[in-house]
Amino acid sequence: MDVAERVGREAERGGCPSVDVQSMDHFDPNTLPTESTVIFVVSTTGQGDPPDTMKVFWRFLLKRNLGSSWLEGLHYAVFGLGDSGYQKYNFAAKKLDKRLQDLGAKPIIEKGLGDDQHPSGYEGALDPWLMSLWKTLNHVNSTILPEMSEILHPSMNKLEHPKFKIMYHASNEVVQHDSHISDLKDMKNVIERARSMSPSLHGHDHGEPHYLLKMVTNKQLSKGDDGRDVRQFVLEPLASVVEYQVGDVLEVLPGQNPAFVDVFIKRCKLDPDSYITIEPWSGERDAMDSYVNGSSDHPIQLRTFVSRAMDVASASPRRYFFEASIDNNNN
Ligand SMILES: Cc1cc2nc3c(=O)[nH]c(=O)nc-3n(C[C@H](O)[C@H](O)[C@H](O)COP(=O)(O)O)c2cc1C
C-alpha cells in the first residue's frame, strides 16, 4: 500500500480531479470497464504468485467469457514489486500486464519492475517510472494531470491536507474503558480497538489479533559475539486452538517497551495519559464510513493507542514521514 499511496498522493498533487486508492480486495472487478485510468501496484509472493489481496481479482480477470475488447476503454499502468533473486521475478505484475492487454486495455507506459536487489530497493525503479508516467499522462491528456510542475517542484504548502483529525480529551473528561485490563479478553478487545482506530492499519487487517499466544521459551541460539542475536521462541495458544495451513504466515505483534512509548509521546509534546478520538475530515467521511464506526464515541488512551497500533522503537519511518517533516520545518 505504501507505493499505491505514494502514487495517489502524487496524482493529487498534480491536480488529478479524482483519485481513489484501493486495495485490490476492496475493488469490484466488474466495474473495471467503467474506469478510464487505473494504475496497478502489484507484488509477487510464493513462487511467482499474486498476493492474497489480489487473488479474487485475478481469478475474475482470467474468466474465459471476457472478450478481447472487454477493457477497450481502459488506460492503465502496472508497477511490480519483486526480487530478482527469485526465479519467477515479478511474475504477478508481468502476468497482470499481459492479461490486461489481452482484454483490450491500453498501457500508458511500459510496466515498471521494482527490485529488492537494487541498491535503492524498489525505489530505484519507481522514481524514474513514476516521473515517466506523470509526464506521459500530462502530455497525452492534460485534464487528468494538469499541474505537472507541482510534481516536479512541489510548493511547500501543497502537501495534501491531513485526511484525519485527532481530538484530545483530558483523562478526567473521559469514562475510562481501558485503564483496568483484568483478563486476556479485555486485553484482546483493547488491542482490537486500538488497531481498528489506526488509519494506517485500517483496511490492512480487521482488528487482529486472532490469537493471543504466551511465550514459554525464549532461548538465545547464537553466542552473541558477532553482533547477531538468533533466538528460538516457543509460543503456546492460551484460549483457542490455532488453526493454520501449510504456507500460512505467522505475523507477530510484539509488545513494546512502555518507557519507549512514553518517551515517544512526550517527544511529540503530548500527554500519554490523555485520551484521543480519530475521525476523518468531513470531505473524507463518505469514503470511510466503515472507519468512523464507533471510533469517535469511545476515546482511547493515547498510551494504549501508541503501544498497540504503532511501532515506535524499530519501524523505519516511511518516505512520506520525511516529506511531511521537511514541509513542517519549512512552514
Ligand atoms: C515468501 C516470499 C516469496 C516471494 N516470492 C517472490 C517471487 O516469486 N518473485 C519475486 O519477484 N519476488 C518475490 N518475493 C519478493 C517480494 O515480492 C518483494 O519483497 C516485494 O517488495 C514485497 O512487497 P509487499 O510486502 O508489498 O508484498 C517474495 C517475497 C517473500 C517474502
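Predicted model: local features only at pLDDT ≥ 70, side-chain atom pairs only at ≥ 80, totals over all residues.
A polar backbone atom of G48 sits 2.9 Å from an oxygen atom of the ligand. The backbone of N90 does something of the kind at 2.7 Å, while D116 uses a polar side-chain atom, 2.5 Å from a ligand oxygen. Here they are side by side:

| Residue | Atom on the protein side | Distance to a ligand oxygen |
|---|---|---|
| G48 | polar backbone atom | 2.9 Å |
| N90 | polar backbone atom | 2.7 Å |
| D116 | polar side-chain atom | 2.5 Å |

On its own, the ligand has 650 Å² of accessible area, and the protein covers 62% of that. Zoom out a bit and you'll find 14 residues around the ligand, with S43, T44, G46, N90 and D116 the closest. Sorted by class, that shell has 8 polar, 3 charged and 3 nonpolar residues.

Now for the cysteines. C16 has a relative accessibility of 18%, so it counts as buried, the cut-off being under 20%. C268 comes out at 39% relative accessible area, so this cysteine is partly exposed.

How far can you trust the coordinates? The protein chain averages a pLDDT of 83, and 84% of the residues score at least 70. The stretch to watch is residues 289-294, where pLDDT stays under 50.

Key: Residues numbered from 1 in each chain as written. Heavy atoms only, no water. pLDDT = per-residue confidence, 0-100. Contact = heavy atoms within 4.5 Å. Near = heavy atom within 4 Å. Polar contact = N/O pair within 3.5 Å; in protein donor to acceptor, adjacent residues only side chain to side chain. Areas by Shrake-Rupley, 256 points an atom, 1.4 Å probe, with all protein chains shown as cover. Nonpolar A, V, L, I, M, F, W, Y, C, P; charged D, E, K, R; others polar. Buried < 20%, exposed > 50% of the residue type's maximum accessible area, 1.4 Å probe, protein only.
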